[in-house]
Amino acid sequence: MPPFLVIARLTIQESSRRRLLLALLILTLLVVGFSAWGFNKITTVTRGDGTPLPPDQVALLTSQLLIVVTFMFSGVLALSAAVVAGPLISAEVESGLLLSILARPVRRSEVVIGKWLGLAALVAIYAAFAGSLELAAVDWATGYLPPHPVELLVYVAAEGLTLLSLGLLLSTRLSGITAGVIALVAWLMAWIAGVVGDIGTGLQNQALENVGVFSHLILPSDGLWRGAIYAMEPDTFIAAMRALGTAGRANPFAATDPPPASFLGWVVAWFAIALTLSILSFRRREI
Amino acid sequence: MALAERTEAAASYEVAAGTPAVRTVELTKRFGRTVALAGLSMTVPRGEVFGFLGPNGAGKTTAVKLLLGLLTPSSGEGWLLGKPLGDLGARRRIGYLPELFRYQAWLSASEVLALHCELAPLPRSSWKDEIGTVLETVGLSDRANDKIGTFSKGMQQRLGLGAALLGEPDLVFLDEPTSALDPVGRHDVREIIRGLAARGTAVFLNSHLLSEVEQVCDRVAVVDKGRVIASGTMDDLLSGTAVRVRVSGLVQADRNKLASFGRLDDEGDSLTFTSLAADRVPELVSSIVAMGGRIYEVAPRHQTLEDRFLQLLEDEEK
């Protein structure tokens with residue numbers, strides 16, 4: 001097995017042995033269980049005259065509540081990725097764990113790629129597993145399934161991967177705590193900058209709008225989150241938001257358009273750049 | 001074509017096999033304004049046990065990390081087993097026990113060794129025997145399946161030593177290999193080093209435990225403040241004789257005159273002359289008697305590495 005795959009396997013094995021996967025599994029089952037119960041309650045809600053809500057209103061309510069629940073899921077995934085990636089390299093340098101490994105015929109790039117790959121696999125598997133479970137629970141409780149479930153899972157996973165990549169890059173130079181905290185703050189700032197950009201769109205203020213654009217380029221987590229939102233919205237809701245014009249676009253929990261192809265192309269390039277910078281940075285690091 | 005490549009590779013290996021285990025030329029490392037290693041030039045022949053001595057902070061660990069490619073030299077060059085520093089091929093035949101030894105707490109001893117077998121890389125068919133042999137060598141056979149998190153520091157150091165021995169390497173770096181071991185463990189390490197030397201493995205031993213080095217090393221270099229202040233075989237370094245004379249009736253002026261016999265350690269009623277040739281002992285005794293001194297005991301002994309080490313550091317201070 002090539003060294004980068006050995007390192008990737010070791011990263012996955014560590015998460016498993018340290019019971020991180022078990023903790024995430026239990027928490028996910030709890031959240032999905034509670035949210036299924038909550039979603040089920042929507043179907044029992046009645047109007048003032050005692051009649052149940054019509055199906056299109058149930059779908060609208062469910063889609064909006066699903067966006068909030070998914071925001072929490074994607075947040076947990078992004079935070080976990082940042083917190084786990086932050087110390088991924090720095091902690092092993094500080095403890096001396098990497099000394100004996102790097103004295104083997106192993107390139108530093110293989111260590112970086114292996115660790116990224118191992119954690120990326122965990123992020124992707126968790127996004128696919130937890131997301132599918134939540135969607136199945138919502139479908140069971142309300143009969144509502146978002147229009148683009150696969151895209152939704154891909155966007156949520158990709159958002160987690162951006163935080164993982166940023167945390168890993170910082171981890172090649174900074175201590176685990178510092179790297180993790182910076183990645184978390186960057187994620188929140190990117191989200192706020194996205195909201196500022198929305199406000200700029202609503203007010204038709206180019207300067208504010210540019211804040212959103214630049215933040216999506218520097219850290220594409222918020223841009224990917226918007227893609228996830230779009231994948232969850234029913235067509236009727238999108239049409240209604242579009243009808244509102246620029247005001248309809250000024251909402252951090254709504255999206256009137258899918259992410260443009262140019263942005264998705266940039267996301268791929270961003271991952272390549274982040275990984276390359278991580279390799280170059282770690283290669284120059286004195287151990 | 002493939003045959004030609006194989007022949008070339010074989011020829012290259014044969015050339016490499018005749019080269020020293022370690023060779024450095026003016027290897028230097030600076031951290032900002034601090035010079036951690038200043039122009040290290042040395043050669044460690046194949047199959048020798050080489051002791052790299054020095055006080056704490058002298059630059060010993062920096063030298064090892066430079067040789068293993070963990071640090072980048074500020075200037076100078078070096079070769080391991082005939083290959084330039086950082087060469088991946090050379091690392092296949094090298095073992096390393098770091099001073100800061102730490103292994104995955106969530107793996108068992110066997111799993112850590114299997115990981116190193118895989119990264120070394122050794123043929124999978126040989127792993128079981130390799131792991132069994134090194135666990136036996138370092139005395140951890142009965143803890144093979146226990147998690148490293150339950151190991152004491154000494155046991156972790158033994159495990160690290162075991163990992164360094166996997167695959168019968170041509171060169172082994174041991175950085176303070178007994179720092180966490182009890183006297184029994186230290187004895188075991190000396191036996192392991194002797195075993196490595198017997199099978200032709202070169203050992204680069206970083207240590208400040210002089211008695212340990214004295215017992216196992218063929219050749220030593222003493223480093224202080226980043227510079228090598230002495231090097232050679234053990235016989236070269238310890239050629240002098242130390243003589244302790246118990247005496248009374250000498251005034252200070254007489255004691256000062258006696259310094260002409262060599263470095264004098266004056267402890268009142270006891271004078272110790274280090275690096276004094278054995279054939280000058282009668283002359284020393286005559287001189288003391290001529291000065292009116294009363295001699296109670298003359299005890300010549302061979303200079304120890306500790307005597308020589310302290311003397312070198314003292315000379316360096318001057």
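**Ground rules.** I am reading a predicted model, in which local features need pLDDT of at least 70, side-chain atom pairs count only at pLDDT 80 or more, and totals for chains, interfaces and linings use all residues. Residues are numbered from 1 along each chain as its sequence is written, while chains are lettered from A and ligands numbered from 1 in the order in which they are written.

**Confidence.** For the complex I noted an ipTM of 0.86 and a pTM of 0.85 from the predictor. The pLDDT is below 50 over residues 1-15 of chain B, a stretch that has 1 contact in the model beyond near neighbours in sequence, where a contact means that the C-beta atoms of two residues, placed from the backbone, lie within 7 Å. Where pLDDT is low, the predicted coordinates should not be read in detail.

**Chain A overall.** I counted 13 helices and 0 strands in chain A. Its radius of gyration is 21 Å, close to the 19 Å that the globule rule gives for 287 residues, so chain A is as compact as a globular protein of that length; the radius is taken over C-alpha atoms, and the rule is 2.2 Å times the number of residues to the power 0.38. Along its principal axes the C-alpha trace of chain A spans about 75 × 45 × 30 Å. Of the contacts in chain A with a separation of 6 or more, 79% are between residues 24 or more positions apart.

**The A-B contact.** Chain A gives 20 residues to the contact and chain B gives 23 residues. On the side of chain A that touches chain B, the elements giving two or more residues are α1 (3-17) and α5 (97-102) of chain A.

**Burial and backbone.** I call a residue buried if 20 or more other C-beta atoms lie within 10 Å of its own, exposed if 12 or fewer, and partly exposed in between, with C-beta atoms placed from the backbone. By that test 8 of the 8 residues of helix α2 (residues 60-67) of chain B are buried, and just after this helix Gly69(B) takes a positive phi of about 80°.

Most residues other than glycine have a negative phi, and most peptide bonds are trans. I therefore noted Arg19(A), which has a phi near 70° and is exposed, with 12 other C-beta atoms within 10 Å. Leu81(B) also has a positive phi, of about 50°, but is buried, with 24 other C-beta atoms within 10 Å; Leu81(B) is in the loop between β4 (75-80) and β5 (83-84) of chain B. The peptide bond from Ala120(B) to Pro121(B) is cis, with omega near -20°, and Pro121(B) is found in the loop between α4 and α5 (124-137) of chain B.

Terms used: Helix = DSSP H or I, 4+ residues; strand = E, 2+ residues; numbered from the N terminus. pLDDT = per-residue confidence, 0-100.
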